[in-house]
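Welcome, and thanks for taking a look with me. Here are a few points to read alongside the model, in the order I would visit them.

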Amino acid sequence: MSPSTAAAPPALTITAAQARRTAIAAQGLHRRRTGTSPHRGTFAKLVDRIGVLQIDSVNVLARAHYLPAFSRLGAYRPELLDDIAWPKRNKDRVLLESWAHVASLVELDLEPALRFRQQAMRERWRPRDLIDANPGLLERIVEVIDEQGPISAGGIEKVLDAPGRGRPGWWEWSATKRISEYLFLSGVTSVAGRRSFERLYDLRERVVPQHIRELAAPEPDDARRTLVQRAIRHHGIGTAGDIADYYRLGVADTQRALADLIESGTVLPVAVSGWKDRVYLDAEAAMPRKVDGRALLCPFDPLIWHRPRTERLFGLHYRIEIYTPEPLRKYGYYVFPLLVGDEFVGRFDLKADRADGTLLVQASWCEPGADPQVACEAAVVELAEMARWLGLPRIVVKDRGDLARRLQGVVRTLSG
């Protein structure tokens, strides 16, 4: 990498609208869904395109890792995703649970590039207080996983407290869970499956397929370059900060990797009208003249999860209000922005009332400057598809939000 490469002048200048369309196309949201039934290979292609399915515990509508697939593919059987992420037979594994963006599902072949992070976590995350307070606990947890795995932290706790295993009550559940998580983050164990969303730990060699384990771990700088190259492909376009966030890398490390990728011709330095920071474009990114996709996006969707980029690209100021006290929430608890073409036209606070068979639209908002009728018509189509996917026969729109009454009227007309 030469200094001139690090400060390479823009190869071209593009408009903000072109940048938006590039970003949307990179994420596979530029076209209407085809309506064809997704299959196992569809999900492998999806993750190859977007790189990461973030995992989160919130289940007010559906688990976070299922939702980006719905936004891009429409109604599908969640078991298809489960079967490639947490298969019954390890040889059928296509995805691996790892710490990538945060807790995420990633492609198997990315595992070697994440080992340097696991190595760093062995020291940075080592729970010395628990290990010092409970001599032998870490080693016993590994033994239990070896003997019993796949097993949850709660299952490990029960084994450790069984007669002949240790003093009842000595093995603290929180300590067991924290050490189990440390073993996962540091690469000693992996996640073989999930039961009611609880991780089931097993030894790494019984989860990561042999052909992946046998791949040499790249040097940290090479691993970072791999992650940056994938991030720019998933993003299509972005600043160094945007690209760094995708796999949670340092900005300085990302800039060094980008300079190398510019030199190799993989990445192009560009300028975007109205953007202050340096911008980077995937040399193979599509830049369509028009996009006509339509999707409700969950708070953990890769297109919008880095909030500064979302605001810069779309003018959408978006924050998760889950941890905001209800009286102080502006838009709602679990809010989905609605993308139509290359702009966000509304946002909707959604909840699945499974006991009542209802998709609850708890608040409905039109974005400033958007056409309320366009927002309403697109929302009805997407909500109907979501309700069908979730197996909820009814949609109920509550009164909150400036789009609520209009949406109520359209939903009533369709229901009638």
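1. A definition to begin with: angles of 65 to 115 degrees count as roughly perpendicular, under 35 as roughly parallel, over 145 as roughly antiparallel, and the rest as oblique. Helices (H or I, at least four residues) and strands (E, at least two) are DSSP runs, numbered from the N terminus. Axes are lines fitted to C-alpha atoms, for helices over the stretch in contact, and angles run from 0 to 180 degrees between N-to-C directions.

2. Before going further, please note that this is a predicted model, where local features need pLDDT of at least 70 and side-chain atom pairs count only at pLDDT 80 or more, while totals for chains, interfaces and linings use all residues. Residues are numbered from 1 along each chain as its sequence is written, and side-chain values use heavy atoms, with hydrogens and water left out.

3. Let us start with α8 and α9. Their axes cross at roughly 105° and come within 10 Å, so α8 and α9 are roughly perpendicular to each other. On the α8 side, Leu137, Arg140, Ile141, Val144, Ile145 and Gln148 are in contact (heavy atoms within 4.5 Å) with Ile156, Val159 and Leu160 of α9. This contact is made up of seven nonpolar residues, one polar and one charged. Here Ala, Val, Leu, Ile, Met, Phe, Trp, Tyr, Cys and Pro count as nonpolar, Asp, Glu, Lys and Arg as charged, and the others, Gly among them, as polar.

4. How enclosed is α9 by the rest of the structure? Seven of the eight residues in α9 (residues 153-160) are buried, so this helix is largely enclosed. Buried means under 20% relative accessible area, exposed over 50%, and partly exposed in between (1.4 Å probe, protein chains only). Among the buried residues of α9 are Ala153, Gly154, Gly155 and Glu157. In the loop between α8 (137-148) and α9 you will find Pro150, which a cis peptide bond joins to Gly149, with omega about 0°.

5. Arg40, Phe43 and Ala44 of α3 meet Leu80, Leu81, Asp83 and Ile84 of α5. Five of the contact residues are nonpolar, none polar and two charged.

6. Phe43 also belongs to an aromatic cluster, together with Phe70, Tyr76 and Trp389. Rings of Phe, Tyr and Trp (its six-membered ring) pair if their centres lie within 6.5 Å; planes under 30 degrees apart count as stacked, over 60 as edge-to-face and the rest as tilted. The whole structure holds 10 aromatic pairs. In one of them, Tyr334 and Phe336 have ring centres 5.5 Å apart and planes at 75°, so the pair is edge-to-face. Both Tyr334 and Phe336 are buried.

7. Is His65 buried or exposed? His65 is buried, with a relative accessible area of 1%, and sits in the loop between β2 (53-54) and α4 (67-73). Not counting residues up to four places away in sequence, His65 touches Leu53, Gln54, Ile55, Leu81, Trp86, Leu105 and Phe197.

8. Finally, two backbone points. Most residues other than glycine have a negative phi. Phe197, in the loop between β5 (189-195) and β6 (198-203), has a positive phi of about 75°. Arg248 has a positive phi near 55° and is partly exposed, with a relative accessible area of 42%.
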